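Please look over the model shown here.

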Amino acid sequence: VKKYSLYTKIQFLGRGIHVPVVKEAALKFKEITYLETGAYPLGELKHGPIAIIDEDTLSVVILPSDDLFEAGVNSIEQIKSKGGKVLLITDESMRNHPILKKVDDVIFIPHLTNELLYPFLEIIPLQLFAYYFAKALGRNIDKPRNLAKSVTVH
């Protein structure tokens, strides 16, 4: 996180069942870091999100080994071709995949045979990423500003 804590352009990307996960990750990130961020389907990269990508942009990509993996690899290559940084979240079975040499950092989650369970694992490192990013920025993580009292009052 320290490596990325100066970035102000951050987007969360995923495909298929991973899109709700990136939306939740972006929401949590925004709530406690106070940075503007977005969450987009990885397949729609060319329809807007690619416009902001440069050397000052971090793309957090969820891409486990499922039937959408190879299509996601192409999107990562597009991000890298624009100079963007990529933090990849993938599963252990991808440890030797060539795309790992192109991304900036990787977080591995366990490989699952039931692909529908991946979101339960993916959200954990994303929440920790938001937490430690906010902490690196000196934000009050326990009392985020401007949230409804029903969220912040015990």
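The model is predicted. Strand β1 takes in residues 9-14, and strand β2 takes in residues 37-41. The two strands run parallel, with 5 bridges joining them.

## Two buried positions

V19 sits in helix α1. Is V19 buried or exposed? V19 is buried, because its relative accessible area is 14% and the cut-off for buried is under 20%. Leaving out residues up to four places away in sequence, V19 touches G14 and P41. G14 falls within the range of β1, residues 9-14, and P41 within that of β2, residues 37-41. V19 can also be placed against I62, which is 43 residues apart from it along the chain. Their C-alpha atoms are separated by 8.8 Å.

S75 belongs to helix α2, which spans residues 69-81. Its relative accessibility is 5%, so S75 counts as buried. Which residues does S75 contact, once neighbours within four places in sequence are set aside? They are R15, L42 and L45.

## Nonpolar surface patch

Five names make up a nonpolar patch on the surface: V1, I124, L128, Y131 and Y132. Together they have about 430 Å² of accessible area.

V1 comes from the segment before β1. How exposed is V1? V1 counts as partly exposed, because its relative accessibility is 31%. That value passes the patch cut-off of over 30%.

## Salt bridges

How many salt bridges does the structure hold? The total is 7. Side chains of opposite charge can pair when their charged atoms come close.

K80 and D104 form a salt bridge, and their closest N and O atoms are 2.7 Å apart. Why does this pair tie together parts that are 24 residues apart in sequence? K80 lies in helix α2, whereas D104 lies in the loop between β4 (85-91) and β5 (105-109), so the bridge links those two parts. K80 is partly exposed, with a relative accessible area of 24%. D104 is partly exposed too, at 26%.

## Two further pairs

E36 and K30 meet through their side chains in a salt bridge, at 3.4 Å from N to O. What is the exposure of each partner? E36 is exposed, because its relative accessible area is 58%, and the cut-off for exposed is over 50%. K30 counts as partly exposed, at 33% relative accessibility.

R95 and E92 also meet in a salt bridge. The N to O distance is 2.7 Å. R95 counts as partly exposed, with 45% relative accessibility. E92 counts as partly exposed as well, with 35%.

## Recap

V19 is buried, and S75 counts as buried. V1 is part of the nonpolar surface patch. The K80 and D104 pair ties helix α2 to the loop between β4 and β5.

Technical notes:
Residues are numbered from 1 along each chain as its sequence is written. This is a predicted model: local features need pLDDT of at least 70, side-chain atom pairs count only at pLDDT 80 or more; totals for chains, interfaces and linings use all residues. Side-chain values use heavy atoms; hydrogens and water are left out. Helices (H or I, at least four residues) and strands (E, at least two) are DSSP runs, numbered from the N terminus. Buried means under 20% relative accessible area, exposed over 50%, partly exposed in between (1.4 Å probe, protein chains only). Contact means heavy atoms within 4.5 Å. Two strands pair if DSSP finds at least two bridges between them. Patches are made of residues with over 30% relative accessible area and no salt bridge: like charges are joined within 9 Å, nonpolar side chains (Val, Leu, Ile, Met, Phe, Trp, Tyr) within 5 Å. Accessible areas come from the Shrake-Rupley method with a 1.4 Å probe; for residues, only the protein chains shown count as cover. A salt bridge is a side-chain nitrogen of Lys or Arg within 4 Å of a carboxyl oxygen of Asp or Glu.
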